[in-house]
Amino acid sequence: MNRNYSELKWNYRNSLIITAPLVVVTIVYFIYVYLPVQTEIAELRRERDGIELLARESQQLGAKLESTQQELAAVQKFIDEQPRRLMPLETAMDELASIPMLARQAGASMERFEPATAITTDKSLARIPVNVECSGSLSELFAFLGSLEALPSKFWVDDLKLEAGREAGQKTKCELKLVVFAERSTKSD
């Protein structure tokens, strides 16, 4: 029995001598080799996923580019046709001269009417800034604005201010900044 016990003890020591270094080597391998490799693999997978996403997006980019080019062509066509739809500069200036008359016809009183010099934005388009101040009742001012809207020329309302009179019965003041668009004459070019 004694012999059996000492053999067991000896086998236990031998197994510890072999097992302990194996456990240490396994832990060291796990910490210094396995974990860094797994981290690197995870980073490579993230990079691969990003590249796959870019590849999918680039496949869709062709269709997006084609639709954008079609939209651009439609916008360019509209721009190319636009000057043909605008009034000539001279006609637009004559029409501007009728604005004070439109205010009088609506019952409003014109206090200021200042068309500025035409600003040429490109070879065929001119912008004419106009400042208008008038006063009257709200219905008169809205009738005046409606008659402006009915004019055939193309214009942009840059600013519109309506200010009620301070006292009862006082007229409402209207300040209006317009930009009228017209086709420049190409005869002088």
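Student: What makes Arg112 partly exposed?

Tutor: This is a predicted model, and in it Arg112 has a relative accessible area of 29%. Buried means under 20% and exposed means over 50%; Arg112 falls in between, so it is called partly exposed.

Student: Which residue does the side chain of Arg112 meet in a salt bridge?

Tutor: Its partner is Glu133, at 3.3 Å from N to O. The cut-off for a salt bridge is 4 Å, so the pair qualifies. Glu133 belongs to strand 3 and Arg112 to strand 1 (residues 109-115), so the bridge ties together parts that are 21 residues apart in sequence.

Student: Why is Glu133 called buried?

Tutor: Its relative accessibility is 14%. Buried means under 20%, so Glu133 gets that label.

Student: What is Glu133 in contact with, leaving aside its neighbours within four places in sequence?

Tutor: Glu133, in strand 3 (residues 125-136), is in contact with Ser109, Met110, Glu111, Arg112, Lys173, Cys174 and Glu175.

Student: How do you know that Lys173 forms a salt bridge with Glu175?

Tutor: The closest N and O atoms of Lys173 and Glu175 are 3.7 Å apart. That is within 4 Å, so it counts as a salt bridge. Salt bridges with shared partners join Arg112, Glu114, Glu133, Lys173 and Glu175 into one network. Lys173 is partly exposed at 28% relative accessible area, and Glu175 is partly exposed at 27%.

Student: How many salt bridges does the structure hold?

Tutor: There are six salt bridges. One of them is between Glu52 and Arg48, at 3.8 Å from N to O. Both residues lie in helix 1, four residues apart, about one turn of the helix.

Student: Why is there no disulfide at Cys134?

Tutor: The count of disulfides in the structure is zero. For Cys134, the nearest cysteine sulfur is that of Cys174, 4.5 Å away. A disulfide needs sulfur atoms within 2.5 Å, so the sulfur of Cys174 is too far from that of Cys134 for a bond. Cys134 is buried, with a relative accessible area of 0%, and Cys174 is buried as well, with 1%.

Student: What makes Phe30 and Tyr34 a stacked pair?

Tutor: A pair of aromatic rings is described by the distance of the centres and the angle of the planes. The ring centres of Phe30 and Tyr34 are 5.4 Å apart, and the planes are at 20 degrees. Rings pair if their centres lie within 6.5 Å, and planes under 30 degrees apart count as stacked; Phe30 and Tyr34 meet both conditions, so the pair is stacked. The structure holds one aromatic pair. Phe30 and Tyr34 are four residues apart in helix 1, separated by about one helical turn.

Student: Is Tyr32 buried or exposed, and why?

Tutor: Tyr32 is in helix 1 (residues 2-85). At 62% relative accessibility, it counts as exposed, because exposed means over 50%.

Student: Which residues form the nonpolar patch on the surface?

Tutor: Tyr32 is one of them. The patch also includes Val23, Val24, Ile27, Phe30, Tyr34 and Val37, and its residues together have about 1100 Å² of accessible area.

How values were computed:
Residues are numbered from 1 along each chain as its sequence is written. This is a predicted model: local features need pLDDT of at least 70, side-chain atom pairs count only at pLDDT 80 or more; totals for chains, interfaces and linings use all residues. Side-chain values use heavy atoms; hydrogens and water are left out. Patches are made of residues with over 30% relative accessible area and no salt bridge: like charges are joined within 9 Å, nonpolar side chains (Val, Leu, Ile, Met, Phe, Trp, Tyr) within 5 Å. Accessible areas come from the Shrake-Rupley method with a 1.4 Å probe; for residues, only the protein chains shown count as cover. Helices (H or I, at least four residues) and strands (E, at least two) are DSSP runs, numbered from the N terminus. Buried means under 20% relative accessible area, exposed over 50%, partly exposed in between (1.4 Å probe, protein chains only). Contact means heavy atoms within 4.5 Å. Rings of Phe, Tyr and Trp (its six-membered ring) pair if their centres lie within 6.5 Å; planes under 30 degrees apart count as stacked, over 60 as edge-to-face and the rest as tilted.
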